[in-house]
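Colleague: Could you walk me through this model, and tell me what lies behind each term as we go?

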Amino acid sequence: MADFNLFYREYNSFISTFKKTSFDSENNFHLCKDTSVEVIDFDAIIENMYPDSNHRPKSFDSIYFDETKNHVYLIEFKNQKKPDKQEIEKKLIDGKRELEVLLNRLSISKNSYEFIFCLVYNKFTPKEERYKRGLFKSTTFEFLNKHKETFFINDIYTEDVSFFTTQFKKKTAKDLQC
């Protein structure tokens, strides 16, 4: 059984930063400006594997591996006022499936790792939570929890950039400048 670091070595030409993978080209805006933490640009891997955009599966933006805890963070950045629920779910499903194919090719056992999907958005406050934000998860993205309940993914976080930055430091002991 191979270690997830083999994935990093195999795809080292796709090593990037949160700044690059959080870039919204439509609005010329970075959701995170951090360049100190290395991530894998998963969108770029998928684009390389499927050059024809008409036949390309959806994918999340980046992968961060925390080797101290064997956590694999699958991160999707959204800079939209109203993110498309179906598109986000498709990014999770297609992206996880494609990642599993790549892990299998490298003989990396996915059972050795916890996969955590992070939807990071830019100050989007769902309509039903504008008056009651607090510590509760967004009910707008509750539909993603079915993937956690079916053991497709171990955990799911849907939070704004500042919350993600704070939690990232708590979980990984690494500072992000977002």
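Modeller: The largest pocket is lined by 25 residues, and Asp43, Asp61, Glu76, Lys78 and Lys91 lie nearest its centre. This is a predicted model, where local features need pLDDT of at least 70 and side-chain atom pairs pLDDT 80 or more, while totals for chains, interfaces and linings use all residues. Residues are numbered from 1 along each chain, and side-chain values use heavy atoms, without hydrogens and water.

Colleague: What makes a set of points a pocket, and a residue part of its lining?

Modeller: On a 1 Å grid over the protein atoms alone, a pocket is an open set of points where a 1.4 Å probe fits, with protein on both sides within 12 Å along at least five of seven lines; a lining residue has an atom within 4 Å of a point. About 700 Å³ of space lies in the largest one. Its lining divides into 5 nonpolar, 7 polar and 13 charged residues, where Asp, Glu, Lys and Arg count as charged, Ala, Val, Leu, Ile, Met, Phe, Trp, Tyr, Cys and Pro as nonpolar, and the others as polar.

Colleague: Why is the pair of tyrosine 11 and phenylalanine 14 called tilted?

Modeller: Rings of Phe, Tyr and Trp (its six-membered ring) pair if their centres lie within 6.5 Å; planes under 30 degrees apart are stacked, over 60 edge-to-face and the rest tilted. These two rings have centres 6.3 Å apart and planes at 50°, so the pair is tilted. Phenylalanine 4 and tyrosine 8, at 6.3 Å and 65°, are edge-to-face. The count comes to 12 aromatic pairs, and ring pairs link Phe4, Phe7, Tyr8, Tyr11, Phe14, Phe65 and Tyr113 into a cluster.

Colleague: How do you know whether tyrosine 11 is buried or exposed?

Modeller: Buried means under 20% relative accessible area, exposed over 50%, and partly exposed in between (1.4 Å probe, protein chains only). Tyrosine 11 has 13%, so tyrosine 11 is buried. Phenylalanine 14, with 16%, is buried too.

Colleague: What makes lysine 96 count as lying over the face of phenylalanine 115?

Modeller: The NZ of Lys or CZ of Arg must be within 6 Å of the ring centre and within 35 degrees of the ring normal. Lysine 96 lies over that face at 4.9 Å from the ring centre. Lysine 33 lies over the face of phenylalanine 29, at 5.1 Å.

Colleague: Why do you say that β5 and β6 pair?

Modeller: Strands (DSSP runs of E, at least two residues, numbered from the N terminus) pair if DSSP finds at least two bridges between them. β5 and β6 have 5 bridges, in the antiparallel sense.

Definitions and conventions. Grid points are joined across faces, edges and corners, and a volume is the space filled by probe spheres set on the points. Helices (H or I, at least four residues) and strands (E, at least two) are DSSP runs, numbered from the N terminus.
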